[in-house]
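Here's a quick briefing to read with the model open in your viewer.

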Amino acid sequence: MQRATGNPFGDRFLGVLRLDPRAYEEVEHDQSATTQALTVVVLAAIAQGIGALGGDGNDGNSFIGGIIGALLVWVLFSIVAYFVGTTLFATPNTSATIGQVLRTIGFAQAPKLLLVLGFIPVLGGLIGLVAWIWFFATSIVALRQALDFTTGRAVGTAIVALIVPFLVLLFLGILFGIGGIIFGLAF
């Protein structure tokens, strides 16, 4: 991957936004990039929380709950995607570790930084839709590269893997009455 900024984190971040497979491969194989992936997830969660503070009566509790929810979704989605991708959708070429999937999916959260604009009436919703579609695209490339299989298998893996965090957060929301806090900001 050509270095545009001379900053590995910045280059990886921009590469992921451009859906550049080389950026995902670099993140996948660099074990030290796990902290960088966590940083992307936390920044995306903070951006989403800030964007949500502008409306719907959200307060600081929902902001913190949203960050916790985003971390939970990242980990759950990554773990389920790993298991689904290495079993249900695996090919003879499929080879990955849970760390590789965590790193690539963590970086795939980068488009969610746009959610900071969620407080803008009408435009915030449109930007949010673009961010979520872009996130789904970055997740597909992340899974394809981390699990070494086709885009079709990556789409199937992503769809199946998204169901589990959705159900877990829904269950926690019902159980603890915090659906609006965690669920609303994590998804």
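Phe9, Arg12 and Phe13 in H1 meet Ala33, Gln36, Thr39 and Val40 in H3, where a contact is heavy atoms within 4.5 Å. Helices (H or I, at least four residues) are DSSP runs, numbered from the N terminus. This is a predicted model, so to speak of local features takes pLDDT of at least 70 and side-chain atom pairs count only at pLDDT 80 or more, while totals for chains, interfaces and linings use all residues. Residues are numbered from 1 along each chain as its sequence is written, and side-chain values use heavy atoms, with hydrogens and water left out.

**How H1 packs**

- H1 and H3 pack at about 60 degrees with their axes 11 Å apart; axes are lines fitted to C-alpha atoms, for helices over the stretch in contact, and angles run from 0 to 180 degrees between N-to-C directions.
- That pair is therefore oblique (under 35 degrees is roughly parallel, over 145 roughly antiparallel, 65 to 115 roughly perpendicular, and the rest oblique).
- The H1 and H3 crossing is right-handed, meaning the near helix is turned clockwise from the far one by less than a right angle, with anticlockwise being left-handed.
- The axes of H1 and H2 come within 7 Å and cross at roughly 130 degrees, which makes H1 oblique to H2 as well.
- This H1 and H2 crossing is left-handed.
- On the H1 side of that pair, Arg12, Gly15 and Val16 meet Ala23, Tyr24, Glu26 and Val27 in H2.

**Helix lengths**

- H3 has 21 residues and reaches 30 Å from its first C-alpha to its last, close to the 30 Å expected at 1.5 Å a residue (the expected span is 1.5 Å times one less than the number of residues).

**The core and what's buried**

- The largest nonpolar core has 33 residues, and Val101, Ile105, Phe107 and Leu143 touch the most other members; such a core is a set of buried Ala, Val, Leu, Ile, Met, Phe, Trp, Tyr and Cys residues joined through side-chain atoms within 4.5 Å.
- Helices H1, H2, H3, H4, H5, H6 and H7 each supply at least two residues of this core.
- Val101 touches Ser78, Ala81, Tyr82, Ala96, Leu143, Ala146 and Leu147, leaving aside residues up to four places away in sequence.
- H5 is mostly covered, with 9 of its 10 residues buried (buried is under 20% relative accessible area, exposed over 50%, partly exposed in between, with a 1.4 Å probe and protein chains only).
- Gln100 lies in H5 and counts as buried at 12% relative accessibility.
- Gln100 touches Glu28, His29, Ser95 and Ala146, again not counting residues up to four places away in sequence.
- Buried residues of H3 include Gln36, Val40, Val41 and Gln48.

**Positive phi**

- Leu19, in the loop between H1 and H2, has a positive phi of about 60 degrees although it is not a glycine.
- Leu19 is partly exposed, with a relative accessible area of 31%.
- Val122 sits in the loop between H5 and H6; it isn't a glycine either, and its phi is positive at about 60 degrees.
- At 70% relative accessibility, Val122 counts as exposed.
- Asp148 follows H6 and has a positive phi near 55 degrees.
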